Amino acid sequence: MELKEYRAPAQVKLAALWASTMFCYVYGDYFGLYVVGTLADMNRGSMGPLGHATPGVLTGVSLMMAIPSLMVALSLLLPARICRWACIVLGLFYTAIMAASLPGSEPFYKVLAVIEMALTLAITVVATRWPREANRG
């Protein structure tokens, strides 16, 4: 007897992809704490390539990470047209951010960055292929 396949709607797929992306982001940052010198730099207020941890930098980074976090829920809550475009634009944006972070990064981070880029590109593909309802007429 065959197992029945569940075909998740686009919104559920997108929420799952955003959640997976966030887990990779969090684990990448967590594992980064084990890189020699990272904690000492943090204690000096340094955020690596972003410079000193000023209120503005911290606010910007917080907003940058809040958006994918919010997209987990917003993928299920936004109207379809808005969600589709938000996922296309943000998926490409976060793919570009990860691509820009690759040069000079630690090997473990490169692995996670490639996975994150695959996830954010998958978000873009799922959103682009969002099913349409047939016109009733």
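**Close-up views of a helix pair and its aromatic contacts**

**View 1. Helix α1 passes helix α5 in a left-handed crossing.** In this predicted model, the axes of α1 (residues 10–32) and α5 (residues 107–128) come within 9 Å of each other and cross at roughly 165°. Since angles over 145 degrees count as roughly antiparallel, α1 and α5 are therefore roughly antiparallel to each other. Sorted by class, the contact of α1 with α5 has 16 nonpolar, five polar and two charged residues.

**View 2. Ring pairs join Tyr27, Tyr30, Phe31, Tyr34, Phe108 and Tyr109 into a cluster.** Eight aromatic pairs are found in a search of the whole structure. The ring centres of phenylalanine 31 and phenylalanine 108 are 6.5 Å apart and their planes lie at 80°, so this pair is edge-to-face. Because phenylalanine 31 belongs to helix α1 and phenylalanine 108 to helix α5, the pair ties together parts that are 77 residues apart in sequence. Phenylalanine 31 counts as partly exposed, at 38% relative accessibility, and phenylalanine 108 is likewise partly exposed, with a relative accessible area of 28%.

**View 3. The rings of phenylalanine 93 and tyrosine 94 form an edge-to-face pair.** Their centres are 5.1 Å apart and their planes stand at 85°, which gives the pair of phenylalanine 93 and tyrosine 94 its edge-to-face class. Phenylalanine 93 is partly exposed at 44% relative accessibility, whereas tyrosine 94, with a relative accessible area of 2%, is buried.

**View 4. The charged end of arginine 84 sits over the ring of tryptophan 85.** In this arrangement, the charged end of arginine 84 is 5.3 Å from the centre of the tryptophan 85 ring.

Note on methods
Residues are numbered from 1 along each chain as its sequence is written. This is a predicted model: local features need pLDDT of at least 70, side-chain atom pairs count only at pLDDT 80 or more; totals for chains, interfaces and linings use all residues. Side-chain values use heavy atoms; hydrogens and water are left out. Axes are lines fitted to C-alpha atoms, for helices over the stretch in contact, and angles run from 0 to 180 degrees between N-to-C directions. Helices (H or I, at least four residues) and strands (E, at least two) are DSSP runs, numbered from the N terminus. Angles under 35 degrees count as roughly parallel, over 145 as roughly antiparallel, 65 to 115 as roughly perpendicular and the rest as oblique. A crossing is left-handed if the near helix is turned anticlockwise from the far one by less than a right angle, and right-handed if clockwise. Ala, Val, Leu, Ile, Met, Phe, Trp, Tyr, Cys and Pro count as nonpolar, Asp, Glu, Lys and Arg as charged, and the others, Gly among them, as polar. Rings of Phe, Tyr and Trp (its six-membered ring) pair if their centres lie within 6.5 Å; planes under 30 degrees apart count as stacked, over 60 as edge-to-face and the rest as tilted. Buried means under 20% relative accessible area, exposed over 50%, partly exposed in between (1.4 Å probe, protein chains only). A charge sits over a ring if NZ of Lys or CZ of Arg is within 6 Å of the ring centre and within 35 degrees of the ring normal.
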